[in-house]
Amino acid sequence: MKLSCKRIDFTYTPGEEIFTFPDESGLPFLFDVEKELTGDPAAMDAVGEMLDEAEKLAEKAKAAIKAALVDEDSRYHGVVTFFMEFYRDDVDPDIAAELFPGTDPAKLSFAEMVDFLRLDRFGSLVDYKMDQQVFIMDLSFNPEITDELMVIYFDLKKEIFCITHES
């Protein structure tokens with residue numbers, strides 16, 4: 001079946017998981033969809049629509065991370081602050097220099113660090129607690145250097161409902 005998407009010409013098999021690397025899909029990030037969704041045309045239409053807006057959603061995610069950094073009352077403040085502190089304070093200086101090229105990593109603000117995050121993976125799955133389709137986005141400074149991720153979950157209305165740190 002063909003994915004209803006403007007950005008790529010992508011064929012998938014209903015009932016089988018989609019997991020593709022950039023060299024396979026032509027996308028600049030990993031792309032995956034749970035097999036439960038690939039057999040549902042409406043769910044896959046939503047996947048195509050969200051995939052067309054992946055970079056815009058990544059910018060929305062970065063804005064939400066920046067907002068959580070400055071709002072100490074945000075439920076995400078602790079997790080995003082911890083993530084940034086780890087990269088500013090605990091990473092070897094040589095690695096930090098690779099992650100934040102052209103800067104003095106020790107002088108970067110957390111908000112400036114957020115600008116270095118890049119979209120590493122985008123996909124869709126069924127959240128069984130919510131009993132609905134959701135979208136998951138992994139942002140990373142550089143997945144070839146570190147496996148620490150800011151993971152952002154979106155609902156079908158393109159609203160963020162969870163930000164977490166995973167590795």
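Helices (H or I, at least four residues) and strands (E, at least two) are DSSP runs, numbered from the N terminus.

This is a predicted model, in which local features need pLDDT of at least 70, side-chain atom pairs count only at pLDDT 80 or more, and totals for chains, interfaces and linings use all residues. Residues are numbered from 1 along each chain as its sequence is written, and side-chain values use heavy atoms, with hydrogens and water left out.

**Whole chain**

Now show the whole chain as a cartoon. It holds 7 helices and 6 strands, in the order β-α-β-α-α-α-α-α-α-β-β-β-β. The radius of gyration is 17 Å, close to the 15 Å that the globule rule gives for 167 residues, so the chain is as compact as a globular protein of that length. That radius is taken over C-alpha atoms, and the globule rule is 2.2 Å times the number of residues to the power 0.38. The C-alpha trace spans about 50 × 35 × 25 Å along its principal axes.

Switch to a surface view. The accessible surface comes to about 8,800 Å², and 49% of this belongs to carbon and sulfur atoms; areas come from the Shrake-Rupley method with a 1.4 Å probe, and for residues only the protein chains shown count as cover. Of the 167 residues, 47% count as buried, where buried means under 20% relative accessible area, exposed over 50%, and partly exposed in between (1.4 Å probe, protein chains only).

Colour by charge next. There are 16 positive and 37 negative side chains, and the centres of the two sets lie 6 Å apart. Lys and Arg count as positive and Asp and Glu as negative, while His and the chain ends are not counted. Each charge is placed at NZ of Lys, CZ of Arg, CG of Asp or CD of Glu.

Select valine 134, in strand β4 (residues 132-140). At 0% relative accessibility, valine 134 counts as buried. Beyond residues up to four places away in sequence, valine 134 touches Gly123, Ser124, Leu125, Asp127, Phe154 and Phe161; contact means heavy atoms within 4.5 Å.

Step back to aspartate 131, in the loop between β3 (118-127) and β4. Aspartate 131 is exposed, with a relative accessible area of 65%. Although not a glycine, aspartate 131 has a positive phi of about 55 degrees. Most residues other than glycine have a negative phi.

Move to lysine 158, in the loop between β5 (149-154) and β6. Lysine 158 is not a glycine either, and has a positive phi of about 70 degrees. Is lysine 158 buried or exposed? At 18% relative accessibility, lysine 158 counts as buried.

End at cysteine 162, in strand β6 (residues 160-166). Cysteine 162 counts as partly exposed, at 25% relative accessibility. Leaving aside neighbours within four places in sequence, cysteine 162 is in contact with Tyr76, Val151, Ile152 and Tyr153. For a distance check, pick glutamine 133: from C-alpha to C-alpha, cysteine 162 and glutamine 133 are 14 Å apart in space, and 29 residues apart in sequence.
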